[in-house]
Amino acid sequence: MHTDPWRVMRIQSEFVEGFGSLAELGRAVAVFGSARTPADHPAYRLAEQVGAGLVRAGYTVITGGGPGVMEAANKGATEAGGTSVGLGIELPFEAGLNEYVNVGINFRYFFVRKMMFVKYSEGFVVLPGGVGTLDELFEALTLVQTGKITSFPIVLLGREFWGPLMDWVVGTLVGEGMIAPEDVDLVRLTDDVDECVRWIVQEREERGRSDFIPTS
Ligand SMILES: C/C(=C\CNc1ncnc2c1ncn2[C@@H]1O[C@H](COP(=O)(O)O)[C@@H](O)[C@H]1O)CO
């Protein structure tokens, strides 16, 4: 028997559950980063601070709900009294949602989960990470670059980690004509949590002004 038609139903049910659970979230920002960062690593502390800072600025924090940087951002958000969302993924070696998630959903399909991050966030903060983090970063960048989403701040937090990537982006991608020079401005780089949160708030304010249509 062909199983693909049943797979479609399963995929559809993940979309329905995601939309149903997240529709009322309000303003949210997604925080990404390594699943392997230990609690004594500076990036863990940075993620905690950005989770708390985003809550204080009025945002819900959304992460992948896993360990490491995800846990740290959820911890900061929860301890600051905010909504701390975990969009978990079923993995063979999965440990479940971290203890600081207060709204959690588990997905089987990465692509469904990835769509939820973009649909329910108005910006991404990206801390040091590996393949999963890079996938999430470049997915967002592709959507912004192609105009599929607009006014979507992407902040790389951690100059030492991300600086060499940005040097390569400028030197090789721009240098070889693979991207336009202005595409580099689609991401911002900082070590400063307050600056990161401020950029996200500013973008929202600018968006608010451009969305405003005088009625008289
Ligand atoms: C590696 C371990 C657990 C993995 N558990 C994960 N749970 C939730 N989300 C995950 C997990 N692993 C990867 N992700 C997603 O990718 C990003 C982190 O990947 P990276 O390769 O570590 O950079 C993260 O933002 C998640 O959305 C056991 O320690």
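This is a predicted model: local features need pLDDT of at least 70, side-chain atom pairs count only at pLDDT 80 or more; totals for chains, interfaces and linings use all residues.
Student: Why is Gly-76 called buried?

Tutor: Gly-76 has 28 C-beta neighbours inside 10 Å. The cut-off for buried is 20 or more. So Gly-76 counts as buried.

Student: Where is Gly-76 found, and what does Gly-76 touch?

Tutor: Gly-76 is found in helix α3. Leaving out residues up to four places away in sequence, Gly-76 touches Ala-47, Glu-48, Gln-49, Val-50, Gly-51 and Ala-52. Val-61 is 15 residues from Gly-76 in sequence, and their C-alpha atoms are 9.2 Å apart.

Student: What makes Ala-80 partly exposed?

Tutor: Count again. Ala-80 has 17 other C-beta atoms within 10 Å. Buried needs 20 or more, and exposed needs 12 or fewer. The count for Ala-80 falls in between, so Ala-80 is partly exposed.

Student: Where does Ala-80 lie, and which residues does Ala-80 touch?

Tutor: Ala-80 lies in the loop between α3 (69-79) and β3. Not counting residues up to four places away in sequence, Ala-80 touches Ala-52, Val-55 and Arg-56. Phe-117 is 37 residues from Ala-80 along the chain, and their C-alpha atoms are separated by 21 Å.

Student: Is Ser-151 buried, exposed or partly exposed, and how do you know?

Tutor: Ser-151 has 14 other C-beta atoms within 10 Å. That lies between the limits of 12 and 20, so Ser-151 is partly exposed. Ser-151 sits in the loop between α5 and β6 (154-157).

Student: What is said of the phi of Ser-151?

Tutor: The phi of Ser-151 is positive, about 45 degrees, although Ser-151 is not a glycine.

Student: Now the helices. How is a packed pair described?

Tutor: Two packed helices are described by the angle between their axes and the distance between the axes.

Student: Why is α1 called roughly parallel to α4?

Tutor: Helix α1 (residues 4-22) and helix α4 (residues 110-120) pack at about 25 degrees. Angles under 35 degrees count as roughly parallel, so α1 is roughly parallel to α4. Their axes are 10 Å apart. The crossing of α1 and α4 is right-handed.

Student: Which residues meet there, in α1 and in α4?

Tutor: Ile-11, Glu-14, Phe-15, Gly-18 and Leu-22 belong to α1. They meet Val-112, Met-116 and Tyr-120 in α4. The residues of this contact divide into six nonpolar, one polar and one charged.

Student: At what angle do α2 and α3 cross?

Tutor: Helix α2 (residues 42-56) and α3 cross at roughly 40 degrees, and their axes come within 7 Å. The crossing of α2 with α3 is right-handed.

Student: Which residues make the contact between α2 and α3?

Tutor: In α2 they include Ala-47, Gly-51 and Val-55, and in α3 they include Ala-72, Ala-73 and Gly-76. The residues of the contact of α2 with α3 divide into eleven nonpolar, four polar and three charged.

Student: Last, the ligand. Which residues come nearest?

Tutor: Of the 20 residues around the ligand, Gly-64, Gly-66, Gly-129, Gly-130 and Gly-132 come nearest. Two elements give two or more residues to the shell, β3 (84-89) and α5 (131-145).

Student: Which element gives the largest share of the shell?

Tutor: That is α5, with four residues.

Student: How do the shell residues divide by type?

Tutor: The shell has seven nonpolar, ten polar and three charged residues. Gly counts as polar here.

Technical notes: Residues are numbered from 1 along each chain as its sequence is written. A residue is near a molecule or strand if its C-beta atom, placed from the backbone, lies within 6 Å of it. Axes are lines fitted to C-alpha atoms, for helices over the stretch in contact, and angles run from 0 to 180 degrees between N-to-C directions. Angles under 35 degrees count as roughly parallel, over 145 as roughly antiparallel, 65 to 115 as roughly perpendicular and the rest as oblique. A crossing is left-handed if the near helix is turned anticlockwise from the far one by less than a right angle, and right-handed if clockwise. Two residues are in contact if their C-beta atoms, placed from the backbone, lie within 7 Å.
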